[in-house]
Amino acid sequence: MEAYLAAIGIIAAVYVLLTLGLTLQYGLTGLVNFGHVGFFALGAYASALLAMQGVPLPVSFAAAAAVAAIAAWPLGLVALRLREDYFAVVTLGFGETVRLAITSERWLTNGVQGIPGIPRLFGGVGIEAALATLAAIALACAVAALMLRRIARSPFGRVIEAIRDNEEALKALGKDPARFKLQVMMLGSALAGLAGAFYAHYIAYLSPDQFVPLVTFYAWMAMIMGGVGRVSGAVVGAALLMLFLEGTRFLRDLLPGLVSEVEMASLRLGAVGLALVLFTLFRPQGLMGDYTRR
Amino acid sequence: MLGQLFVAGVVHGLVIGLAALAVTLVFGIARFPNAAAGDTMTLGAYAGFAAHGATGSLAVAGGASVLAAAAASLAGYLLVFRPLARRPVAALLVAAIGVAFLIRAGLGLAFGHQQRVYQVPLAWPIEVMGLRISPMDLTLAGVALAALAVAFLVLYATPIGRQMRAVADDPDLARVSGIRPFRVMVALWLLAGAAAGIAGMMLGIKTVVSPEMGWESLLPAFAAAILGGIGSPVGAVAAGLVLGIAQEVSTPVVGFTYKIALAFAVLLAVLLVRPRGLFGRVEAVR
């Protein structure tokens, strides 16, 4: 039982990190990043491949965040000068392209066969190692959340919220939105990369089909459910997401033979779609969003 | 070899062109990139597949795919996109993803996840100037050209088409000129859905039918719509052809998987160099 709870906690924390990245990018700055999973994948593969070469895990984790942030840089340079709808299309394309590259570059990533036997954190599969992993990722989440909260209240935070609310006015004040957007993009992607590293070294196996666009929209769903633009909302939203993902699995176990695994996958996809539609229609600020602002 | 790939590219390009037509109409008039266009294609492919399995007639399959996809497209507008019309574009983007997932989930439940194949009769290819062209490719090209002809007739030779283009040019001017936006929007979503449906059926016949097929065509469709210039139907079809041919001809060089990534490269290049595309009007995209 503890092992199961620890496993859920670790995956939930991975989604907290992903959602915090989105909260910074969309919630605070208004960047519609539909390619979050691409940065998650880059971080996961970067850390896994480095660790398999014998690089110490702390270094590979740092590298994961760095690789994701560096990947965000050229993309940001190109895309951040574009209108937000074009930006969404470009990031969506980026996420898909990363997955295609992972599938194709067999010499590096072993293609669709995937990479097995990735070193685990705290060297093991026992309950102690799982709890230690949970503690480590919870600490990472806490640090990231506090950092985001500090950013939101800093002058930098006021500028990025102004980008979200009225970019033209900000330009008129002589600020360059593109520079701020680039920094936000890189920082949010670094969080996604870090989430990828934790994921890779916990699951210990990577393949391209773990990095489908659905992962991006799980994070979107978590962010929207928790409340757009709120740091605490990312945590609540990821917890709700986990409840949903695990709940649907329990539901299937409770009703054996009623729905097959593929049908459940479709039902889950449909539920995510319905949630995205209903939340944007009726409750755009999320369950506990900020009502004082737009 | 190159000529053979060129022929394959033309057929594939017509598919992308039709999908891009659906994307560019919605992008130009409803003013957001509709990520549900890909899954509308998938719906068309499955509807055509079911009709084809029941009757064996390609004409019936085409009718079914057009009807199903146009109906779903209109339902998406009435239930989701219309209520969101006055909201920030991000809301429309997220809602479109939701609609896409809903369609794909419904198809996955109804038809399962295994790949389906249209049972079309095999025929000997026809030899034209040293190129072997299968009769099915000719039929598909004919279907696509007919669909495009109808779409362009609607756009350029009917009052509703003229109104649509007027709204695309300047929504406020169209409104004060007495054009009723609701009627235009209904026509727009029906037309876009029908184009996506036919594109889906063609893709299904050409390759295989699976729940992911439309989503995988979304990126080429977006790339072609932007390359052609948002809001330009001619541009979308022309760019679709260019992209389809480029994808097929480049396959021996870049491999099977990367031909989709080619669409991404084109997308980035266009946005970097000429954001208004080949045929687009001058509009701020930056």
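Leaving aside neighbours within four places in sequence, B:Ala19 is in contact with B:Ala37, B:Met41, B:Ala196, B:Ala199, B:Ser217 and B:Ala221, where contact means C-beta atoms, placed from the backbone, within 7 Å. B:Ala19 is also one of the residues that touch the most other members of the largest nonpolar core, alongside A:Tyr15, A:Leu17, B:Leu188 and B:Ala195. That core has 212 residues; a nonpolar core is a set of buried Ala, Val, Leu, Ile, Met, Phe, Trp, Tyr and Cys residues joined through C-beta atoms within 7 Å. Buried means 20 or more other C-beta atoms within 10 Å of a residue's own, exposed 12 or fewer, and partly exposed in between.

A word on the model: it is predicted, so local features need pLDDT of at least 70 and side-chain atom pairs count only at pLDDT 80 or more, while totals for chains, interfaces and linings use all residues. Residues are numbered from 1 along each chain as its sequence is written, and chains are lettered from A and ligands numbered from 1 in the order in which they are written.

Now to the meeting of the chains. Contacts join 33 residues of chain A to 38 residues of chain B. On the chain A side, helix 4 (84-104), helix 10 (213-226) and helix 12 (261-282) each give two or more residues, and helix 12 of chain A has the largest share with 13 residues. Helices here are DSSP runs (H or I, at least four residues), and strands likewise (E, at least two), numbered from the N terminus.

Helix 4 of chain A and helix 11 (residues 258-273) of chain B have axes that come within 9 Å and cross at roughly 145°; the axes are lines fitted to C-alpha atoms over the stretch in contact, with angles from 0 to 180 degrees between N-to-C directions. Among the residues that meet there are A:Val90 and A:Leu100 from helix 4 of chain A, and B:Phe264 and B:Leu268 from helix 11 of chain B.

Within chain B, the buried residues of helix 5 (residues 135-157) are B:Asp137, B:Leu140, B:Val143, B:Ala144, B:Ala147, B:Ala151 and B:Leu155. They pack against elements of chain B including helix 1 (2-29), helix 3 (58-81) and strand 2 (131-133).

A:Asn110 lies in the loop between helix 5 (106-109) and helix 6 (127-153) of chain A, and B:Arg31 in the loop between helix 1 and helix 2 (37-55) of chain B.

Note on methods
Contact = placed C-beta atoms within 7 Å.
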